[in-house]
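Let's take a walk through this protein together. Have the structure open beside you as you read.

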Amino acid sequence: MLGFENIKFIKSANQVSQFPEDSGNEIAFVGRSNAGKSTVLNAIFNRKNIAKTSKTPGRTQLVNFFKMNDDSCIVDLPGYGFANVSRKKRNQWGQLISNYFKTRAALTGVFLVVDGRRGITDLDRVFIDFYLPLEKSLHVLINKSDKLKKSEQALVLGQFESYLSEVATIQLFSGTKKMGLEIAQNRLIEMLKK
Ligand SMILES: Nc1nc2c(ncn2[C@@H]2O[C@H](COP(=O)(O)OP(=O)(O)O)[C@@H](O)[C@H]2O)c(=O)[nH]1
Ligand SMILES: [Mg+2]
């Protein structure tokens, strides 16, 4: 599909001054650490390791920029909610993420990756409450759905829909089983056109 195979890593940044030029359209991938964001990126872009997957939650602390083509960018934001990390480090990351959202004109939407087994967590709500006032698109990937029974899938989908159906699109997904891949890719393309 258009652009997906051609994705290229551009750079990593740990401060706003290192961000690449703020032009074109950009989609950011956001999620709680260990929700499977790296696995999801690899599935959507059909790569083994576009974004390093790690068994150690919270290792990815940088904002990583990728280009799909001249005017489409994908951004892998640091995961939020690291259990065993100092408050100071957490604040630095929070600052970097909030600076990204406040300054980035190219940002047209967010793919929010959540762990379907946990449902909506307080940290997801903190992000969503921060993001919605920006009035940009939101797509929620309920990841690890392969770990849920059909009835549990319906339950968690219902939970997200009752909270977000007015303001977001939501789908069941599995990065490891590549479930829901085409829906996600189509939605990504649609959001990049904005
Ligand atoms: N069963 C299952 N496991 C997954 C899925 N996505 C990610 N994982 C696993 O969850 C762990 C964290 O994944 P990772 O992509 O590193 O999460 P990140 O911290 O959000 O980038 C790894 O052990 C992955 O193999 C999924 O859809 N289904
Ligand atoms: Mg990761």
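## The big picture

The protein chain has an accessible surface of about 10,000 Å², and 49% of that belongs to carbon and sulfur atoms (accessible areas come from the Shrake-Rupley method with a 1.4 Å probe, and for residues only the protein chains shown count as cover). This is a predicted model, in which local features need pLDDT of at least 70 and side-chain atom pairs count only at pLDDT 80 or more, while totals for chains, interfaces and linings use all residues. Residues are numbered from 1 along each chain as its sequence is written, chains are lettered from A and ligands numbered from 1 in the order in which they are written, and side-chain values use heavy atoms, leaving out hydrogens and water.

You'll find five helices and seven strands in the protein chain; these are DSSP runs (helices are H or I with at least four residues, strands E with at least two), numbered from the N terminus. Following the sequence, the pattern reads β-β-α-β-β-α-β-α-β-α-β-α. Of the 194 residues, 51% count as buried, where buried means under 20% relative accessible area, exposed over 50%, and partly exposed in between (1.4 Å probe, protein chains only).

## Inside the protein

How many residues does the largest nonpolar core have? It has 31, and Phe101, Leu112 and Val140 have the most contacts inside it. A nonpolar core here is a set of buried Ala, Val, Leu, Ile, Met, Phe, Trp, Tyr and Cys residues joined through side-chain atoms within 4.5 Å. Elements giving two or more residues to this core include β2 (25-31), β5 (107-115) and β6 (137-143). There's also a second, separate core of 24 residues, with Phe45, Ile74, Leu141 and Ile189 among them.

Not counting residues up to four places away in sequence, Val140 touches Leu112, Val114, Phe160, Leu164, Ala168, Thr169, Ile170 and Gln171 (contact means heavy atoms within 4.5 Å).

Now look at α3. Asp124, Phe127, Ile128 and Tyr131 are buried there. Seen down the axis of α3, these buried residues fall within an arc of 100°, so they line one face of the helix (the arc is that of the directions from the helix axis to the C-beta atoms). Turn to the other side of α3, and Asp122, Val126 and Asp129 are exposed.

## Around ligand 1

Which residues are closest to ligand 1? They're Asn34, Gly36, Lys37, Thr39 and Asp146, out of 18 that surround it, with near meaning that a heavy atom of the residue lies within 4 Å. Helix α1 (residues 37-44) gives the most to this shell, with three residues.

Backbone N or O atoms come in here: one of Gly36 lies 2.9 Å from an oxygen atom of ligand 1, and one of Lys37 lies 2.7 Å from an oxygen atom of ligand 1. A polar side-chain atom of Asn143 lies 3.0 Å from an oxygen atom of ligand 1. The protein covers 82% of the 580 Å² of accessible area that ligand 1 has on its own.

## Two loop residues

Most residues other than glycine have a negative phi. Asn46, in the loop between α1 and β3, has a positive phi of about 55° although it is not a glycine. Lys178, in the loop between β7 and α5, has a positive phi near 55° too.

Definitions and conventions:
A polar contact is a pair of N or O atoms within 3.5 Å; within protein, one must be able to donate a hydrogen and the other to accept it, and residues adjacent in sequence count only if both atoms are side-chain atoms.
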